[in-house]
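Hi,

Here is the structure I promised to pass on. Please have a look, and then read my notes below.

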Amino acid sequence: MRHKYIGLAMGLAAGLLTVATSGFAAEGAKQPELLSFKPSNLQWEKTKADFVAPSISTCAGCHPKQYEEWQGSMHSMAFQDPVYLGELNLAIKAVGKEITKQCEGCHTPAAFVKGETAELDFNNLSPLAKAGVSCDVCHSIKRLTHWETPSHEPENGSFVLSPGRENADGSVTRTKYGPFPNYEGCGGGFHECVESPKHLTAELCAGCHHVYHYDKHFPYEFTYGEWKKSLYALNGIQCQDCHMVDIDTFKRSADEFIKPKRSEYHHYFNGANFLMYFLGKLKAEKEGDEKLAANLQQKYEMAVQRLQAAAEIEIDPMYNKEGDLYKIRVRVHNRRAGHNLPTSLTAVREMWLEVKITDKKTGKVLIQSGYLDEKGELDGNTHVFNTEGTDMHEVFQIDPWKVVSYAKHGLIPPKGYRDIVYTILYPQGKGHELEVHAKLRFRQASQKVAEKLLTNLPDGVDLNEWYGLTEIPAVPVVDMTEQNVTVKSTGEPSNPPNVVDKLTTGWSHVPGAAKEKK
């Protein structure tokens, strides 16, 4: 026991030493100016050391593999996503330009702190701004400030950027923070290397994957918090262990809680946003960049495969006391997402069940929901796994600057499930068979929301010029998983399988929990 406490004390001392040595400037260096950017919690240690835009002649010169993996990633396109830009432009119109600080502090941090996004005009943006979350962003994170925020947890870019230091003689030393120990020659004379254990943890990602209301500090996006309370966190599986690896390694991390080897990590930052990879490929093809187009196609396929590996469906019949088929239970499992399913913009993203229950003998459709109409909208009986946000007056809202509370929270937790129960109104009798089809589907936003955002883009963003689109296309849908089963009514009153009382209703969503916006 004594050795245990000695080891704990030594570990704490080492941790404090790491914080202390990383928190002070090198001997003889000039003290940097620490700048803040409210309502973003991002801070910048400003010196003559500048950020570097990623390119073939800079980052890719020494790190070609990592650069190619980053290219076409969601990090690289974080400030070019037209859905995000439409929302950003609407926020400016509704609240004013000041609100963009919260967003740009995560979508293009390096250019933002330099003032390069003061005017939202893509005709005049620098390569650094267009690079979004570039190499110099993640590898310039010197310190995390999660517990210094108004909510006292990770929130809206809660970290300090420090791309380098100014020495006493006026020269500049670029500093890059990474997860592995320094070694002789690291940085190739272009920058120095500093070991940063936090780069191996989810806390590095938390500042930008915890999005809070800019004034009320309500968690609009809570991805890090969802992970923090999951079995993944308890087993030491970090964000990087699923999102910086290939599909097979991702499945192993999620299924067996085995951390990847160093050689298995890549700068993919791959998630569910297959739409941006699709659009990015169109843009690369329009610009004649076949290599980048192939890169984006690969990432698109990875995103689709991740979605299709994330969930599973079970279909079970339920019987009343007389043995009649009474209900059909569809259970949707979150098998491999280390956070809620879906996550992030859960009031905008749509993951839903398409269900069809048919009398096998007559062909009559008894229950049908989750189908898209000619306008690309879901029918009113569809079960959507989402959140429904409200403002201070309990009026339904989806815009991030308006949502301060949730009236509905219908997401599936990590390694958890949701049961959706469909009632058969007319018992079919002994031996009667029903065909049950259930499919889980996903898209980034409804057609209506997509059209709203894509028709409110800022200056310099033209869908035709960027992607060759002359009209708002149908929002693509990915089929995540599906099941088709045949169930039979037993007609036996003596304890048939899954006997339920006639009053059992199962889990259901009651619409109208929030007031409709007038």
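This is a predicted model: local features need pLDDT of at least 70, side-chain atom pairs count only at pLDDT 80 or more; totals for chains, interfaces and linings use all residues.

Helices here are DSSP runs of H or I with at least four residues, and strands are runs of E with at least two, numbered from the N terminus.

Residues are numbered from 1 along each chain as its sequence is written, and side-chain values use heavy atoms, with hydrogens and water left out.

Back to L128. With a relative accessible area of 6%, L128 is buried (under 20%; exposed is over 50% and partly exposed in between, with a 1.4 Å probe and protein chains only). L128 and A53 are 75 residues apart in sequence, yet their C-alpha atoms are 4.6 Å apart in space. Not counting residues up to four places away in sequence, L128 touches F51, V52, A53, T108, A110, A111, K114, E116 and S134 (contact means heavy atoms within 4.5 Å).

Now to the helix packing. Helix α14 (residues 274-286) packs on α15 at about 165°, with the axes 8 Å apart (axes are lines fitted to C-alpha atoms, for helices over the stretch in contact, and angles run from 0 to 180 degrees between N-to-C directions). That makes the two helices, α14 and α15, roughly antiparallel (over 145 degrees; under 35 is roughly parallel, 65 to 115 roughly perpendicular, and the rest oblique). On the α14 side the contact includes F274, Y277 and F278, and on the α15 side L292, A293 and L296 are among the residues involved. By class, this contact of α14 with α15 has 11 nonpolar, two polar and three charged residues (Ala, Val, Leu, Ile, Met, Phe, Trp, Tyr, Cys and Pro count as nonpolar, Asp, Glu, Lys and Arg as charged, and the others, Gly among them, as polar).

The axes of α13 (residues 247-256) and α15 (residues 290-310) come within 10 Å and cross at roughly 25°, so α13 and α15 are roughly parallel. I247, F250 and K251 of α13 meet M302, Q305, R306 and A309 of α15.

And what sits in the loop between α13 and α14? N270 does, and at 0% relative accessibility N270 counts as buried. Leaving aside neighbours within four places in sequence, N270 is in contact with H243, Y277, K299, M302, A303 and R306.

Best wishes
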